[in-house]
Amino acid sequence: MLEFLNPMLRPEWMISLLFIGALLTYFAGKVSSALRTTFAIIFSVFVAFLVFLSGSRDVLTYWRPSASPMGFRFVLSINALSWFFALMISMVSALTIVYSAGFGKNTEKDNAFYGLNLLLMGAMLGVVFSGDMLSFFIFWEIMTLASYLLTTLAGKRAEKGALNYMIISTAGAYSILIGMTMIYTRFGTLEFSGLASVMGGADPMFLLITLSMLGIGFAVKAALAPFYVWAPPAYSEAPDSFTPVFSGALSKLGPYGFTLFMYGIVGLPALAKMGTFRGISDFGYIIALLGSITAVIATLYAIAQDDIKKLLAYSSISQLGYVMMGIGIGTSIGVAGGLYHALNHAIFKTTLFMGAGVLIYTTGSRKLSDMGGLGTKMPITFLTMLIAIFALAGIPMTGGFGSKWLLYEAAIDKKFVLIAPLAFIASVGAFLYSFRILQSAFLGQLPERLKGAKDPSPLITIPMLFFAGLLVLFGIAPGIPLGIIASVESYLGIPALNVSTYSVYLGANFGAYNAFTVMTVITLALLVALALFFIAKKSRKVGQTDTYMAGEVPEHHVDLYLHYSMNFYRPLERIFAPYLRNRLERLYDAFGSGYELISEGIRRIYTGDVQHYVYYVMVFLAVMILAGWWWL
Amino acid sequence: MIAEILVLIFMPVFVSFMGLLFMGIQRKITARVQNRIGPPFYQQFIDVMKLFSKRENIGHNWVFDIGPIFAIVGMLTTMLFIPMGGFRLLSMDGDLIVVMYLLVISGLGMALGAGASGNPNAGIGVMRGLTLMMAYEMPFVISVLAVMVYYHTTSLAEIVGMQSGMWALIILPLSALVADMALQAQFGKKPFDQPIAPAEVATGPIVEYGGKYLGMLMVAHSIGMFVEAGLFIDIFLGGGLLFHQPGIIWQVFNFLFWVLLVFALYTLAVLVNAIMPRYRIDQAFVFYWKWPTIIAIIGLAYALGVSVW
Amino acid sequence: MVDDEKIVSEDMGVQVEKNENMEMRSFGTVKRWATKRSLWMVHYCTGCGGIELAPLMTSRYDMERFGMHPMVTPRQSDVLLITGYVNIKTLKRIIRTYEQMPDPKYVIAFGSCPINGGPYWDSYATINHLDKYIPIDLYIAGCMPRPQSIVRAFEDLMDMIQDGTADGYMRYKKYYEPYKANQEKIFRKWW
Amino acid sequence: MVIDPTLMIGVPLFIAFLIPVSTFINRKFPRYLAGGTILFNLILSMLLLDAALKSPVVSYLGGWKPPFGIVLYAGPLGAMLALLISTVSILTWIYLPEYIEGGDKEKFYMLYLLLTAGATGMVLTGDLFNLFVFTEITAIASFSLLAYSKGKDEKEAMEATIKYMIIGSLSSAFFLIGIALLYSVTGTLNMADLSSRIPHADPRTVAISMMFIITGLGVEAEMFPLNGWTPDAYTGASHPVSAVFAGIVVKAGFYALARVIFSIYASSTGLGIMLVFGIITLIIGESAALRQTDLKRMLAYSSIGQMGLIITAFGMGTQLSLVGGLYALLNHAFAKTLLFMSAGAFILSLGTRNIGALDGMGKKMPVNSILFTIGAFSIMGLPFFGGFISKIVIIYASMDAGYMLIAILILSASVIELVYFLRVVQRIWMREPGDSEVKKASNASIISMMVLAAIVIVMGIYPQAFFRILGPAAGELLKAIGGA
Amino acid sequence: MSEQEIAERIAKFPGADVEVLRKGQIAVKVPAEKGHDAAAYLKKMGFAHLVAVEYVDWIKENEFELVYNLFSYKMKMRAFLKVRIPRDKPEYITFMDLWPIAMTHEREAHEMMGIVFRKNPNLTPFILEDWKNLPPMRKDFDSRKYVKDKYDSIPFAEGGEQ
């Protein structure tokens, strides 16, 4: 029935549709806000549907520009790997646009907001669909620019965060450019397909340099250990309805880059040539180690945050550390775990940031200690965020556990005794800070001013419910996502995972995880518990402030001293405070101000006194003549 | 197949019954330590009966009710995935990592319910519980990792199978020692019972739970006792399988020996509980992340060395 | 001292299930036995009797033999021990704690002060007859009863529970209005 | 009819001297006369470019053959630069009236025409001495234009002019010495003859003459040690004049340097010097701009930096790097002129050159802010703008030529550039404006700025059109190096 | 420093009638208007700690007696500064400038005895529950009558006899 869409299933169609859509939405906004929002939703959802339909059959499009000096052609291709990431990105961006339409605040900035959102979606799809290095770099730069402009829409508070984000990601993009040009000059071709066959032969030293240059660029985007400095301020200061895309979809391009270049182009055998450690490449091991270290550090920071968006920002960095750990461990289980966790992270982080947006919209403040007791007032938001937090913490009832399980299997199978404990501590820490959100925002005492809080408009809750439903579905049948990932792995040349709908068979001396059995046991146990619950007398519901306070009556006007959420993990913070004094931020600032001093020195060269200038010219001439004389 | 299902049904009933019995006996032992007569050994059953027969149960909201329900669900599910007393139950479908994450469900449910009660004491209690969990997870994970690395598998059933010759306790004594220290906090016994400290935070999370809620929590705790002890036994004490000859009699002996082991472990924890005062929460955290972690790392290094070499 | 104009909203207070026709339903002998054999108590040690409870818990008298256990929160306890003289301010807290306890709940008053005000009967602040405000199941006479008499009192309470005469909580529900009226005579509606 | 480059130079010169006479007809006449000639020059240069793309147009002044007569050689490079010069000067002519206040306008237009004629002459000439003559004309015109600003910043302009004159005269002196040395050795002044005779000449004097000429022209092309005059010149000049400086004068000066090194000397040491000093100029220009608080001074240092980038690109000497360098030259000419114009609009309405006063201008002068942002984004090299394409081509070229360190330095310099431009752009868009009312820029200036912005965006989105011209232009320069 | 020496030093204060009660305790009677200066004098001497402001109801002499219980840590000596004020209009100045804690003691004296302390900002109701009656510590307040008509008048909730 949808055959008529077939011609549209080509990558250049989707990207150009989005770019045109961006312009149309921007100018439609000048006319009427309703038109602009509908345009934005139509374009994004339609393209997301197209991406979904396109499936993972290989599609290649060539376009040779007429008079380019370097004589090459642009290539756009859909393959298993790019389709998997495109699915993730389009799903998150489309539904986030629907989500932000629900807020309905109509300011001049909204035209720019929706236009840039579509542009960003197009750029991200461009990066993922690009078949050659130059289009990859061009779309990468467009994506950085679009996300930077979107961050600046948040106004004064986002100024420092946006500038830092732009500087560090441009530096990363430039290191990618250098890496790419090194490959281009060595092999003469830009297209990934051409490179894949040739790259294997290169000498390990060359491979190391190029991969590390590219790696720096992708590590910046994936907020890996030394480069995550830009992430917390950027994620938390960006506009509330943009952060889901920022941390949900945008951050996935780092891992995409790593997977593409490490396994898609260089390939496992060539990586192995660079030295192996217990069966996996040294390069991969370093990335895995960096990933797990990032996970722990970011978790310790996240536990101490009171601002909900900053907390979620640190949590995204730590979860991305997990993804990088998975991709770093090159075995089929490791990469499957990494990719599956990237998908899970895209879903539950988007839901969490959407929920955070709703909370900030209802309570008007970003501090967790100002919220409280919204669980009963906003049940849908509470339920969706609860499921997302279950996935974040990796509770077996949701999809989140599957990816974490695969990561641990991979780490333990290869006896990585440094990565596995770090990962586990980060996961327990994840459970701590995710519960902090629940406790501060949804449980505890409901303050007087939030009495009127209720669930937001359906436009907001539908995307959140969709994502929550997806997480539960993955909890029951992890086979669906793992099936796609298996096809991606076979495309990348890694031995694919043997997957059935409910469980994964890893091999002889591995544990097993049958999601179906776990879920059935949980439901049966639930029935038993409910039965036990309903045997005894029905419980009588009492008011919220009717709690045991040593007989004291909580005076009504003293609103929130009953709500324990300020300094929730004070003892922990006190222990970790000496080690967590933002050393990395201070290092970056020192580097920045150091350079300012150097440039202050340089500025002094231009003294403004013409004698000096003449003196410079004469010295230059004298040196030149001597050099000329001596040389020739 | 029918035998399997029967075992699956009766095991939880047996475990909760024995759990309550052991808790009663432990109260008697603690009393004897304090040189007093102490309650009858079946006191725990009376308490549970009284709690369930309360004529009025006071609850706050539906999230408050979920607390105890989740606690029981978490413990029941975890229990079924741990090989107990010679029976493999469902441990073929979920390995050690699944079990470690399933353990978290009951803690999470309790935290949710306590938070929903709106009492600040509950909030503080939950914070202490989570901090304590993070504290003892570090050494516990490293010691369990040592075993997994040594036997090169994550499946509990296989670990139990491989220990038929020699218990892991003998091969990796340090890891076993650290795991036992962590067990003290998992049971929630004295030096590490900050979350439910009666004097400081009025029994922490369960301050608003009375009547049937408290009864359900007590049942959950009894199952929990068997889960945590059972986990330790499976990893370090060969799943309590002393006699390996075939035949029903040996299986019965094994089962009884396993029950004895659980009782022994729990008594050890209770004896420590009877005499030790309570740490402050940050002292407990620093305690767990200092010496037990160092010992666990040494054990891990040893296990790695032995397994790789 | 509570200033007058503070309007206390409805859900602030403790709702007690008011039904006048509360009679002794057949409250199963087993249930009564279980309640009898595991009495958890929260003790209101404002008066001088609180110190008498310490020897009860320690090895000499060991009330745990009867399954009794000191509990911290009213939600988990069955018995409220008023261990001394009661004045206006402490009466407020006693009433709130009493109402937060789930049924079936019993009250034991130690010493002579709750009976008739004891030596402070003529003070402007002392509550002379505590049972005008909350139903008391059992009094222990003596200007601070010795531990033996307290154990004896607990045994009596157990017998009363067994044969169903300890129905203070039902009387509170039955005569809820008069009790509340008396309480409001002492201090304005503060909860 | 045959397109004769001499018309493009002769007509503006003739009319330039006609202007003072024309004031007697009526007050307004000089402005339209100047505008008319520049328009004529624009059309002519378009036609010249078409012709030059097919085959280089050569014409002899006064009919005499090379060794004596002066030859005008208009290859694709020269024609393209002539087109660039006339477009920039016509757009500045539109932008002009609002910013030149006071007194005798016709003198200004005379000098303005002189400047355009001189620059066009430099670009089209094939004779070395003729190149010197036109350089002198441009220099004189730019001295007087620099000094031409009445009102409160007159003192600053005067000081800048003096500095520029001193260094300018020094540079023309060295240029002349160089030519004299060359003439003494080779006996001819025609570039084509020179390039054929230099290999047989005495290498030592050739080298020395090259050094002299490089120093002379280096001053015009803002190479590192020689560009002392640039910051004061740009800040001192009135806004349209600094725009013209960035757009025409420096470009012509650089063209002269490139023409000399590539087609006359064809020497690798010359390229090496350009490469080394280019990269130094880039780093120093960008770093100095980082700490500026004065908007125009920041733009001045940024233009030094960009010129450094162009010099480096040319210094690499491969076909790809030349295309990249030319693309960067075009982008810089248009974008920098746009930046100076919109900065002028800001400064005129705010009254101060301090960057701090720019807070929240996005709300008060939205159109001007958008134009400033487009200019800034293009210089920074962000996608959708010219700078981006030039950056990619230059980096590919430098890696191709094996200069990996140069590529890294270029990229880090552009990161620094990103920092100080974004600081200004963010100040404009993301801060709350003060409450003082602000005079809007006039429509004329907005139109000229919009045209420039459009060109820059087209350069970013549809680069093929420009590559079609730049390919043969780069080939022309290289061919001379490759062989006769 | 023995009691006698301290007593002589206090006696130097004009109009102070000093008497050593027993080891470590000295009583100082001072006329009402000199009370504040005497207190300042004693504080300078070393009596840094105002333990309490006690109040005695001499109903027969129709006077209230305010006893300022001062203690000196250095000399380990307690001094009772006694001041008499008329009973019908009991007013006195506040000692808050010397000892800030005096505010609470004076607040209690005001509630229990009805003595008004000028310039004490916080003479609001303190312990008693909305008290409409005579200040209770006064001798002419009949406590038994109050108990009879406040508490005994309340019927037994369940209708039992008195």
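Reader: In which sense do β2(E) and strand β5 of chain E pair?
Author: This is a predicted model. In it, five bridges link β2(E) to strand β5 (residues 77-86) of chain E. Within this pairing, E:V28 stands opposite E:L81 in β5(E). The sense of the pairing between β2(E) and β5(E) is parallel.

Reader: What is the bridge partner of E:D17 in β2(E)?
Author: Strand β1 (residues 17-22) of chain E pairs with β2(E) in the antiparallel sense, over five bridges. The two strands form a hairpin with two residues between them, and E:G24 in the turn has a positive phi of about 85°. In β2(E), the partner of E:D17 is E:K29.

Reader: Which element gives the largest share of the side of chain A that touches chain B?
Author: On this side, 63 residues of chain A are in contact with 70 residues of chain B. Elements that give two or more residues include α16 (400-413), α17 (419-442) and α20 (515-535) of chain A. The largest share is 12 residues, and it comes from α20(A).

Reader: How many residues on the side of chain A that touches chain B are nonpolar?
Author: The contact takes in 63 residues of chain A. By class, six of the residues on this side are charged and 15 are polar. The number of nonpolar residues is 42.

Reader: What is the bridge partner of A:S539 in β1(B)?
Author: β8(A) and strand β1 (residues 57-59) of chain B run parallel. Three bridges join them. In β1(B), the partner of A:S539 is B:N57.

Reader: What radius of gyration does chain D have?
Author: Chain D contains 19 helices and two strands, and its C-alpha trace spans about 70 × 60 × 40 Å along the principal axes. Because chain D has 484 residues, a compact globule would have a radius of gyration near 23 Å. The value for chain D agrees with this: 21 Å.

Reader: What percentage of the residues in chain D is buried?
Author: A residue counts as buried if 20 or more other C-beta atoms lie within 10 Å of its own. Chain D has 484 residues, and the buried ones make up 62%.

Conventions
Residues are numbered from 1 along each chain as its sequence is written. Chains are lettered from A and ligands numbered from 1 in the order in which they are written. This is a predicted model: local features need pLDDT of at least 70, side-chain atom pairs count only at pLDDT 80 or more; totals for chains, interfaces and linings use all residues. Helices (H or I, at least four residues) and strands (E, at least two) are DSSP runs, numbered from the N terminus. The radius of gyration is taken over C-alpha atoms; the globule rule is 2.2 Å times the number of residues to the power 0.38. A residue is buried if 20 or more other C-beta atoms lie within 10 Å of its own, exposed if 12 or fewer, and partly exposed in between; C-beta atoms are placed from the backbone. Two strands pair if DSSP finds at least two bridges between them. Two residues are in contact if their C-beta atoms, placed from the backbone, lie within 7 Å. Ala, Val, Leu, Ile, Met, Phe, Trp, Tyr, Cys and Pro count as nonpolar, Asp, Glu, Lys and Arg as charged, and the others, Gly among them, as polar.
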